[in-house]
Amino acid sequence: MTQDDHERRMARAADAAAHFGLTGLIVTPGPDLVWLCGYQPPAATERLTALVVAPGRRPRLLVPVLEQPDAERAAGAGAMDVVGWTDGANPYEELAKWLDPEGRYGTSDATWAMHLLGLQRTLPGSTYRALSEVLPMLRAVKDAHEVARLAAAGAAADAAYEDILGVRFAGRRESEVAADLSRLMIEHGHSQVDFTVVGSGPNGADPHHEAGHRVIEDGDMVVLDFGGLKDGYGSDTTRTVHVGEPGAEERKVHDIVREAQQAAFEAVRPGVACQDIDRVARRVIKAAGYGEYFIHRTGHGIGVTTHEPPYLVEGEHLPLVAGMCFSIEPGIYLPGRFGVRIEDIVTCTESGGRRLNQTERGMAVVR
């Protein structure tokens, strides 16, 4: 990302703040800070770091002076003022110099309580709202450069999946296969692995099962859900494989999930409400008699984090917009038996959906 990219993002954030009646935004370390100005502190510490973005003002980043050289090398540093504060000074008084004493500010969800309380003590007339409440869609619409990064992350995850199909499953613990999958993701360019779900047999009926000590057996259905970050953007994909030849019901359930996933993908286009994508997938599974076993939303947004708005779930009336990127991941989970989930990252374009994962969605047979 270039300085111009970050300058545009901070300007867009300031405009959005004004539109929703906010005096400005106070952004602390986390994905919002990285997305806006390209700065990620060396480590999360008790020392205050905060970016202030406000309409009509140049953005300013307050950092501990010992970390100021790092901040001044950030991609967006040229589009903001970077100011250091020293140990022994009161950082909240320093930050307050840039704020309206009676202002209404949006602040990062991950802002430490000690920092927000310190600021409130310094400016008792100010008020604060979580960014997820007031600007939930700030990062939701991606530009072409961001979509390209997400596509590259998806391709890297696809390559890891293709390689894991050649690994032996039967007779090995879930944790061993998960370690192989994590290693392959790194080999294919991920800098960070966020999760590697390996749910074999009855464990596959738990959508967020953590790979454990269960030994995978011949005849098991295995859910593989994995994702992480590559060049700052997320991957997240799920495929369900079978150890040896599957039975008739296993094939049937997998086919139903695949049909639901395809139907939801085909429904993607600008203007369609997020909840309608969920409804399409759920309708297919319910019609097949498995509605009660689809127990989670159909999808979530992805970007600089692997889970972010928009969410494809009942009650979310927000319309899809070209540039939004999200998962489509219906599933069926039969308690005590097995589970099936198929997931791709999809971007909404002016003409419909575009998959960012390209691996075969049919059930692969592994050994």
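Author: Let's start with a salt bridge, meaning a side-chain nitrogen of Lys or Arg within 4 Å of a carboxyl oxygen of Asp or Glu: Glu 360 makes one with Arg 258, and their closest N and O atoms are 3.2 Å apart. Before going on, note that the model is predicted: local features need pLDDT of at least 70 and side-chain atom pairs count only at pLDDT 80 or more, while totals for chains, interfaces and linings use all residues. Residues are numbered from 1 along each chain as its sequence is written, and side-chain values use heavy atoms, with hydrogens and water left out.

Reader: How many residues apart in sequence are the parts that Glu 360 and Arg 258 tie together?

Author: Helices (H or I, at least four residues) and strands (E, at least two) are DSSP runs, numbered from the N terminus. Glu 360 sits in the loop between strand E16 (352-355) and strand E17 (364-366), whereas Arg 258 belongs to helix H9 (residues 248-266). So the parts tied together by this pair are separated in sequence by 102 residues.

Reader: Is Arg 258 buried, partly exposed or exposed?

Author: Buried means under 20% relative accessible area, exposed over 50%, and partly exposed in between (1.4 Å probe, protein chains only). Arg 258 has a relative accessible area of 36%, so Arg 258 is partly exposed.

Reader: Which residues does the network with Glu 308 and Lys 142 join?

Author: Glu 308 and Lys 142 form a salt bridge, with the closest N and O atoms 2.7 Å apart. The pair links distant parts of the chain, 166 residues apart: Glu 308 is in strand E11 (residues 308-312), and Lys 142 is in the loop between helix H6 (131-134) and helix H7 (144-164). Glu 308 counts as buried at 2% relative accessibility, and Lys 142 counts as buried at 6%. Through salt bridges that share partners, one network joins Asp 32, Arg 139, Lys 142 and Glu 308.

Reader: How many salt bridges does a search of the whole structure find?

Author: Side chains of opposite charge can pair when their charged atoms come close. Asp 81 is partly exposed at 29%, and Arg 58 counts as partly exposed at 43%. Searching the whole structure gives a total of 27 salt bridges.

Reader: Are H9 and H10 roughly parallel or roughly antiparallel?

Author: Axes are lines fitted to C-alpha atoms, for helices over the stretch in contact (heavy atoms within 4.5 Å), and angles run from 0 to 180 degrees between N-to-C directions. The axes of H9 and helix H10 (residues 274-287) come within 8 Å and cross at roughly 155°. Angles under 35 degrees count as roughly parallel, over 145 as roughly antiparallel, 65 to 115 as roughly perpendicular and the rest as oblique. H9 and H10 are therefore roughly antiparallel.

Reader: Which residues of H10 make the contact with H9?

Author: On the H9 side, the contact is made by Ile 256, Glu 259, Ala 260, Ala 263 and Ala 264. Their partners on H10 are Ile 277, Val 280, Ala 281, Val 284 and Ile 285.
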